[in-house]
Amino acid sequence: MTIKIGTLLMACLLALAACAGLTIYDPVPGQPDGLGNGEEEPVYQMDPLLSERQFRTQDGKKELARYSYRLCALSVSNMDVLSGEAAVEAARNVETFNARMTLLMEGYVEFGEAMGADAAEVVGAAAYYDEVCAEGFRAGEYISIRLDSVGYTGGAHPNRYASSCLFDLRAGQFVDPAQIAEDPEAFRAGAAALLLEKAELCGDREQFWEDYADVITRWNEGTVVFDGEGMHVVYSPYELGPYAIGEVELVLTYEELAPLAGESAMERLGRTAE
């Protein structure tokens, strides 16, 4: 199965064309792309990483299933003019980031192929589908990726969920969101307290599960995205309450994050602590 999926994946990946839904947003207009090492700095950009397939009945008249996965690949538009440490760091970042995205894609495609095979066994039911769309955000020395997934494999309604990952351009690796701070544990606890305050103001608060506070306290283990507004913590349906309340998104602005994360952390996020 792994070999077949790998072959299919290579045939389906299209990572050269531009895609409006996969762009890096810089929260500080005019902020340099570089890491401050005095050399020509890398200009990072996002390219689409795509894989799609449709499954139909043998006569082609009915759709059985489909999948569409739109992830992000990292590239450097000025790699040919980089040298020294800047070139080494840029190449490392591209390789590490894209290895993670490729691994994610392989997992998605494996699921999609299995879903297509399952759909062939239940001809007559509504078509199955699985879709993932990624969006990249640049926040100083970090690239924040949000992945929104929706799928249907039978039942009363589609399943929806969000996930994320955070890449540190200086360290050249993916990191836990709490690690952006000077004191990660103090930051985790302080952010949790603010998030709980905001959760109490949610219109659907009365429908939250009994353990909602514990889930929010572990916010850094879930979906966390840094963009131009601040830090978004996203809870998919069923995480804080029943499917009916949908997705719950709590936001901490950079002004709220500053005293928790520390001055150096805010600088790395492309912000100056208040």
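## Helix packing and aromatic pairs

In helix 3, the buried residues (under 20% relative accessible area, with exposed over 50% and partly exposed in between, for a 1.4 Å probe and protein chains only) are Phe187, Arg188, Gly190, Ala191, Ala192, Leu195 and Ala199. The model is predicted: local features need pLDDT of at least 70, side-chain atom pairs count only at pLDDT 80 or more, and totals for chains, interfaces and linings use all residues. Residues are numbered from 1 along each chain as its sequence is written, and side-chain values use heavy atoms, without hydrogens and water.

Helices (H or I, at least four residues) and strands (E, at least two) are DSSP runs numbered from the N terminus. Helix 3 covers residues 184-200, and its 17 residues should span 24 Å at 1.5 Å a residue, which agrees with the 24 Å between its end C-alpha atoms. The expected span is 1.5 Å times one less than the number of residues.

The buried residues of helix 3 pack against helix 4 (212-217), strand 8 (230-235), strand 9 (248-253) and helix 5 (254-261), where contact means heavy atoms within 4.5 Å. Helix 3 and helix 5 pack at about 150°, with axes 9 Å apart; axes are lines fitted to C-alpha atoms, for helices over the stretch in contact, and angles run from 0 to 180 degrees between N-to-C directions. To this contact helix 3 gives Phe187, Gly190, Ala191, Leu194 and Lys198, and helix 5 gives Glu256, Leu257, Leu260 and Ala261.

Aromatic rings of Phe, Tyr and Trp (its six-membered ring) pair if their centres lie within 6.5 Å; planes under 30 degrees apart count as stacked, over 60 as edge-to-face and the rest as tilted. The count by this rule is 11 aromatic pairs. Two of them are tabulated below.

| Pair | Centre distance | Plane angle | Class |
|---|---|---|---|
| Phe55 and Tyr67 | 6.1 Å | 55° | tilted |
| Tyr67 and Tyr69 | 5.0 Å | 15° | stacked |

Phe55 lies in strand 1 (residues 44-56) and Tyr67 in strand 2 (residues 63-76), so their pair ties together parts 12 residues apart in sequence. Phe55 is buried at 11% relative accessible area, and Tyr67 is buried at 1%. Tyr69 is buried as well. Ring pairs link Phe55, Tyr67, Tyr69 and Tyr108 into a cluster.

Tyr238 is found in the loop between strand 8 and strand 9. Its phi is near 85°, a positive value in a residue other than glycine. At 45% relative accessibility, Tyr238 counts as partly exposed.
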